[in-house]
Amino acid sequence: MKNSIKTLLVLSLLFGSVLTGYAGGPYGEDERKIIIEGSTTVLPIAQVAAETFMRQNPDTDIVVRGGGSGVGIASLIDKTCDIANSSRAIKDSELDKAVTNGVDPRAHVIAMDGIVLIVNPANPLSALSKKQIKDIYTGNISNWKELGGNDEKVVVVSRDSSSGTFEAFGTLVLGGAKVRPDALLQASNQAVASVITHTQGAIGYVGLGYINSEVKVLQVDGVIPSKETVLTDKYPVSRPLYMYTNGIITGITRDFIDFIMSKEGQKIVDEQGYVGLK
Amino acid sequence: MKKLLAVLVVVGFAALCLTGSSYAGEIDLLLQKLVDKGVLTAGEAQQVKTETKEGIRKEIAQAKYELLPEWMQRVKMKGDFRLRYAYTKQKGASDDSKGQIRMRLGLDTKINDQMKVGVGIATGSTTNPRSTNATFADSNYPASFKSIILDYAYGSYSPTTWLTLTGGKFKNPIWQPTDLLWDGDLNPEGVNVQLDYRLNPYLGLFLNGEIFALTYDSSGDANRTMFVIQPGVKYNWHDKVDFKAAVASYFFTNLKGTATYALRTTNSVDGNNYKYNYNSVNPSVEIGIKDPFAGVPILAKYVPYAGIFGDFIYNPDPETGKSGFDAGFKFGQEKVGDWGQWQAKILFAKLGRDAWLDIFPDSDRYGGKTNMKSVEGILEYGLSKNSSLVLDYYWAESLTRTGQSFMPQQVLQVDWNLKW
């Protein structure tokens, strides 16, 4: 009988240890998994940061999904995600809905998105206004001569419509207007830079982290794009990137946001072609 | 971190003391000074500025909400008004030209996080469940008063985000890309279970299960009920293509061999009774494509969305006239929500005499009859946010062309829609 009780006790302890297998970790049973959802622009930062964070904290599980800023914020309002990635500020209508649903959306600015206009180094122009860039990308200007440049056809290069940079450029420069149909659509920042390097008369745009010596960077509205001009809002083609949470954050959500804001997290931001805040 | 927290507190306090436009300028100045003095980096200043601004927006939204009385915090009001001119031309009959209005007003009240009550009223009459129109000068008295009816009243319970149970009289929960089977005004009565589960951001499954009461008979002998089950799938491919498909199965009790509804027009009869059962199967599909003409001059600019859709119905009981379809395509904006936005839609339909009960389909298309084929063209143009102009044209004729009421018919409707 005594042996049976001992065996039962040992088994119970073993079973209990399995059930609370993470007892040694810093997080409670319900806190080990978080869901991050939203902006495809913020997605690469969130994915790499989540992988690094999970490597450092093996008892955690972070699910990262895309879907767009609106989807992420809607999920936060519906309480189906812990962090909503967004490449825009929450809208007033979304704020009202959140408040009505008892959700307290808190903004965490994790990076800045700066988009740089680049041309082939042979192009004599060094500056354009936002209006001129819009005219080029919507088809109103088709020859550099119209802007004081060479008598040469403008070759418009754009990111494809599934990219967050395309979306940001459309909002910040084109004001929602459509890119001209003859634009050469490229799948990556590197591909855009490569086309510009090899095509005289070409103009394109890339994230600040993707400029190199083989392309010429243009001033926009008289401002040279740099980390400093993006962070100080002087450069006009830039915007903050957000992670929204619900109320005061604790546990893994807090630690993950702290990680993103740490030097290591901000290095990931820089590596992904965005502008870190540190 | 502590430094940033202290700055946040100071800036937050300053923001509370300042208002409106003075806030932006003063806070920016304060932050710039802190950056110049080396207290903050430019990145930290950007973080403080944006997060403070967002915090204030949230506080304003919270304050606006809290200023409302408690009952108003839980109530959402919605409605719409439609002014319509309708012209009907039918071979062998006088042309019909009339003006109509439709008004709908609804209130949704949250009882708690899981439960909700919805109540809606509308213009219309209690004897026609397929229309909420009120026709100008339709009585012996000019400018007569119009009737207001109870459009819907239901309670719903959502124990999880993906499950909703509803009971009462409610908006038709069966997903239909066309109105081949169901008039949009018809609000069924009974109970409904709705499952809407997202497997990942791209793929979702849904299931509608309904029990609709069709006829109440105090003796119980002539009670009629409809059971519906509709499983479906939703898929989004890279935010470019939306796919939705479902198969609804309908089962009726106490229909074949029993007295027809007074609203019956075309279904086959045996004496005064229904000749067939209407247990049927209804597959539906819709595919929407964003930027379908990317790279094609002009089209890419003016056609940002295109979609195809269709409904099919099959009733195995009758020998003939046992199937029907409504299929079409649309292009323009996905939804018309603002000035200058537009959408065009073309639909082709054919519905066998006994493919479906003739008391349910869209009443604007050939009077809602079965045994017909039709073409419909719709053009919607946005006049402003929440206001649009709609031209809806129907051409329809009977599949067997017997009798005056089954002659070819053309209907043109011009609608001015206002929503709030």
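## Chain B at a glance

How many helices and strands does the secondary structure of chain B come to? The tally is five helices and 19 strands. Keep in mind that this is a predicted model.

Chain B has 420 residues, and 28% of them count as buried. Its contacts can also be sorted by sequence separation. Take the contacts between residues at least 6 apart in sequence. Of these, 54% join residues at least 24 apart.

## Strand β19 and its partners in chain B

Strand β19 of chain B covers residues 409–419. Which strands pair with it? One is β1(B), residues 75–90. These two strands are antiparallel and share 11 bridges. Within this pairing, B:Thr88 has B:Val411 of β19(B) as its bridge partner.

Another partner is β18(B), residues 387–398. This pairing is also antiparallel, with 10 bridges. Here B:Val390 stands opposite B:Asp415 of β19(B).

## Where chain B meets chain A

The two chains touch. On the chain B side, 27 residues are in contact with 29 residues of chain A. Two helices of chain B, α3 (42–67) and α5 (299–302), each supply at least two residues to this side. The most comes from α3(B), which gives 13 residues.

What kinds of residue make up the side of chain B that touches chain A? Eight are nonpolar, 11 are polar and eight are charged.

## A β-α-β unit in chain A

Now turn to chain A. Strand β1(A) spans residues 33–38 and runs parallel to β2(A). Six bridges join the two strands. In one position, A:Ile34 stands opposite A:Ile62 of β2(A). Helix α2(A), residues 43–56, belongs with these strands: β1(A), α2(A) and β2(A) make a right-handed β-α-β unit.

Is strand β2(A) enclosed or open? Strand β2(A) runs from residue 61 to residue 67, and five of its seven residues are buried. The strand is therefore largely enclosed by the rest of the structure.

## One buried face on helix α7 of chain A

Helix α7(A) covers residues 189–198. Which of its residues are buried? They are A:Asn189, A:Val192, A:Ala193 and A:Ile196. Look down the helix axis, and these buried residues fall within an arc of 95 degrees, so they line one face of α7(A).

Most residues other than glycine have a negative phi.

A:Asp221 sits in the loop between β10 (219–220) and α8 (227–231) of chain A. Is A:Asp221 buried or partly exposed? It has 15 C-beta neighbours inside 10 Å, so it counts as partly exposed.

Why does B:Tyr366 count as buried? It has 28 other C-beta atoms within 10 Å, and a residue is buried if there are 20 or more.

Notes: Residues numbered from 1 in each chain as written. Chains lettered and ligands numbered in written order. Predicted model: local features only at pLDDT ≥ 70, side-chain atom pairs only at ≥ 80, totals over all residues. Contact = placed C-beta atoms within 7 Å. Helix = DSSP H or I, 4+ residues; strand = E, 2+ residues; numbered from the N terminus. Nonpolar A, V, L, I, M, F, W, Y, C, P; charged D, E, K, R; others polar. Buried ≥ 20, exposed ≤ 12 C-beta atoms within 10 Å, placed from the backbone. Arc of directions from axis to C-beta. Pairing = 2+ DSSP bridges. Right-handed = clockwise from strand over helix to strand, strands pointing away.
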